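Let's walk through this structure together, starting with a pocket and then turning to charged side chains. Have the model open and follow along.

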Amino acid sequence: MNKKNISIGTAVGVAALMASVGIAIAQKKEPRTAKESYAMYNRDRLVKAASDQLEGVNLELVRSKAEFIIDRSVEEIQDAIRNNELNYEILTAFYLDRILTFDQAENGINGISEINSEALELARKCDASPVVEKGILFGIPVTVKENINTSDMITSVGTYMMRDYIPAEDADVVKRLKEAGAIIMAKTNLSELANYMSPKMPSGYSSKHGQTLNPYKPLELSPLGSSSGAGTSTTANIGAIALGTETTGSIVAPAAYTSTVGFKPSINRTAGEGVFPLATSLDVVGPITKSVTDAVYGYNAITADRLDRIDIDEVRAGSLNNKRIGVIQDDHEMTQRAIDSLRQAGAEVIELKFDTSNIDNVPVINAEFGPAVERYAKQHSLPFNTLDELIAYNKEDMKTRGKYGQGHVETAAAADNNQRLVDETIHHAASYYDDLIDRHQLDSVAYLDYAGTLVTAVAGYPEISIPLGVDKDGAPHGLTITAEMDEDEKVLQLGYAFEQHHQGRRRLSDEELKANLKL
């Protein structure tokens, strides 16, 4: 097998990016973020919301069904229900019980930020439903990130100002999930304003809900953002599927650091209506799950165009054999592990170095954030109309409303809406990636964690992060596999083939969760 070392400018390794965690990452010359600390601002209310629903429920019976739920795919869960080994009420109660046990316990993960008070009743209705032909997501508890509108739960985007805001209607993606029969069980915490609040703010922190912890190494390993709650709750088996959002890495990065699968579709593949905007040219909704097949089912439920749905059998038919995969090289032990595994699966690996020095997501965000918020605020009757109003409100009590500052918001509020710069930046990222693919006849470019997402996310291209295992320090990592625009099926096929070959998900047992969180 011909191994080539192709140098393309300056390598961007994980270590370099770790110092620049922006939206999920990818900001340059970023000030060091503050150290994470315990902060749970809604615990009593959430504990009550879960406990009230579980009153009178036989929790001993519920917990005895763990073998049919823990790390099981949606298909396996539905099979267990068809075989009368489980029902939707027990399934939902199981997840609510885990919220109390692992997420909202003192010093818990704190990835769940809202709970649907009707979740268990909805599950009972699913059990009683006369529907014969039930879709794959019928009765399946799903969580959604708290920048996605739900008409029955708060959507704060992590801000203190919106801590009581309940939208008048669901986001399009939520409507589609409900049409598929899914139960919207809970909302997940996010890095405030999709991690564009302050350069000093740790990922997973919001003024409304507090700090989400990475259960693998709490307070040491970042949960990464901004879909931090989606990744951490999913890895702890709270909900079957989570919806996250990504502007630059905010799906694949938390997935990599929580040993889950994160799929960011091509731009415009999923509807953005009813999702609080950051940069509309980059924002995408996508699933975080425990397997590629679940990611396919989650994506198919929310895709904006039914013609863009992906056949699960086509995904399962994917192979790495004779595929040319360009891997961004660095010195991390896990990158070599990924390369070795890809080769064992039959792929030809071409080791690359990436140059992102001329690609920057920040000008795109600064150009689009303010105008997008003004449009969104008017359409959805927010408690503020502009970023300037939000900034002024926060300044009245920064200790509560902006603990780590609001430098990003202030910069965006003062920026010009330079659409030409936005278009040029996106075009440059896409051209850079396409040229790389064409010049070296690659099927895909892959990288450790989020080392190349500044290019692929700004280009609007699909990405999927597949669990790679844990390093010598016990920290999980993922291999992110990418492709060109609208090659979503290819990304899922390659991701599925790698997942099946590598088997890299490192699930924490309940005993490990309790020990790590000191519960």
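Helix α14 gives the largest share of the lining of the second largest pocket, five residues. A pocket here is an open set of points on a 1 Å grid over the protein atoms alone, where a 1.4 Å probe fits and protein lies on both sides within 12 Å along at least five of seven lines; lining residues have an atom within 4 Å of a point. Helices (H or I, at least four residues) and strands (E, at least two) are DSSP runs, numbered from the N terminus. Keep in mind that this is a predicted model, in which local features need pLDDT of at least 70 and side-chain atom pairs count only at pLDDT 80 or more, while totals for chains, interfaces and linings use all residues. Residues are numbered from 1 along each chain as its sequence is written, and side-chain values use heavy atoms, with hydrogens and water left out.

The second largest pocket holds about 430 Å³ of space, a volume being the space filled by probe spheres set on grid points joined across faces, edges and corners. Its lining counts 31 residues, and the closest to the centre are G272, V275, P277, T280 and D283. Two or more lining residues come from each of α8 (192-195), β7 (241-246), β9 (284-289) and α14 (362-380). Sorted by class, the lining has 13 nonpolar, 12 polar and six charged residues. Here Ala, Val, Leu, Ile, Met, Phe, Trp, Tyr, Cys and Pro count as nonpolar, Asp, Glu, Lys and Arg as charged, and the others, Gly among them, as polar.

Now for the salt bridges. How many does a search of the whole structure find? There are 27, each a side-chain nitrogen of Lys or Arg within 4 Å of a carboxyl oxygen of Asp or Glu.

One of them joins R63 and D97 at 2.8 Å, N to O. R63 lies in helix α3 (residues 59-63) and D97 in helix α5 (residues 88-103), so the pair ties together parts that are 34 residues apart in sequence. R63 is partly exposed at 46% relative accessible area, whereas D97 is buried at 6%. Buried means under 20%, exposed over 50%, and partly exposed in between (1.4 Å probe, protein chains only).

Another salt bridge pairs E146 with K208 at 3.0 Å, N to O. E146 sits in the loop between β3 (141-145) and α7 (172-179), and K208 in the loop between β5 (205-206) and β6 (210-211), 62 residues apart. E146 is buried at 1%, and K208 is buried at 4%. A network of salt bridges links R45, E114, E146 and K208.
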